[in-house]
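Hi everyone, thanks for coming. Please have a look at the chain on the screen, and I'll walk you through it.

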Amino acid sequence: GEVQLAYRDAVSGRQHSLALRQLELVRNHQGHGLDAEGSVQGQRWQVDGQLGQLEQLLANQAAWPFTLQLRSTGARVDVAGQLLPGPAPRSGSLDVEATLDKVAALAPWVPPVAHVPLPIELKTTLQLTTESLHAEPLRVSAAGQAVDGSLSLRNGNPWQLDGRLHAETID
């Protein structure tokens, strides 16, 4: 069977959908191996990874590690991270590498665009808390042109975005 979830964005009115076709957790010496397949907005994704021991996650006494590899036609995202112990919602640290090499991978997320400089690559370390998201170091490249630096987003009214970005050239 397949599990389906759909919801409507209260602001835009846009319908969003998620379908989960397969989810398998296999206990191993490191915790649990993960194998999942599904679709988001009609785009198929395969997810493989390794999760720490679920008992460790629930005990909330130490960092809980995980690695995930997400693949779709034209897109790849690799994440290695950990949830830190503490009150919910918990803080975390993530090393993220992503590559987009086919425009079709953007279709479920953004309106059609005439030209996208491919490949688009992202590499960063994210620090997440309930109050902020910090990306440092941050490297984004499009068709081989790179921008390096850091970005911080802080919760509040209004939100606060701080950044330091630099590039040798941008065409």
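What percentage of the 171 residues of the protein chain count as buried? The answer is 25%, where buried means under 20% relative accessible area, exposed means over 50%, and partly exposed is in between, using a 1.4 Å probe and protein chains only.

A quick word on the background. This is a predicted model, in which local features need pLDDT of at least 70 and side-chain atom pairs count only at pLDDT 80 or more, while totals for chains, interfaces and linings use all residues. Residues are numbered from 1 along each chain as its sequence is written, and side-chain values use heavy atoms, with hydrogens and water left out.

Now the overall layout. The protein chain has 1 helix and 11 strands; these are DSSP runs numbered from the N terminus, with helices being H or I of at least four residues and strands being E of at least two. In sequence order, the pattern reads β-β-β-β-α-β-β-β-β-β-β-β. The C-alpha trace spans about 50 × 35 × 35 Å along its principal axes.

Let's zoom in on Ser 141, which sits in strand β9, residues 132-142. Ser 141 has a relative accessible area of 8%, so it counts as buried. Which residues does Ser 141 touch, leaving aside its neighbours within four places in sequence? They are Pro 119, Ile 120, Glu 121 and Ala 146, with contact meaning heavy atoms within 4.5 Å.

The peptide bond from Leu 118 to Pro 119 is cis, with omega near -5°, and Pro 119 is in the loop between β7 and β8 (120-128). There is also a cis bond from Ala 88 to Pro 89, with omega near -10°. Pro 89 belongs to the loop between β6 (75-83) and β7 (92-100).

Why point these out? Most peptide bonds are trans, and most residues other than glycine have a negative phi.

Gln 41 is not a glycine, yet its phi is positive, about 55°; you'll find Gln 41 in the loop between β3 (31-40) and β4 (43-51). Asn 60, also not a glycine, has a positive phi of about 55°. Asn 60 is in the loop between α1 (54-59) and β5 (64-72). With a relative accessible area of 24%, Asn 60 is partly exposed.

Last stop: Val 3, in strand β1, residues 3-8. Is Val 3 buried or exposed? Its relative accessible area is 56%, so Val 3 is exposed.
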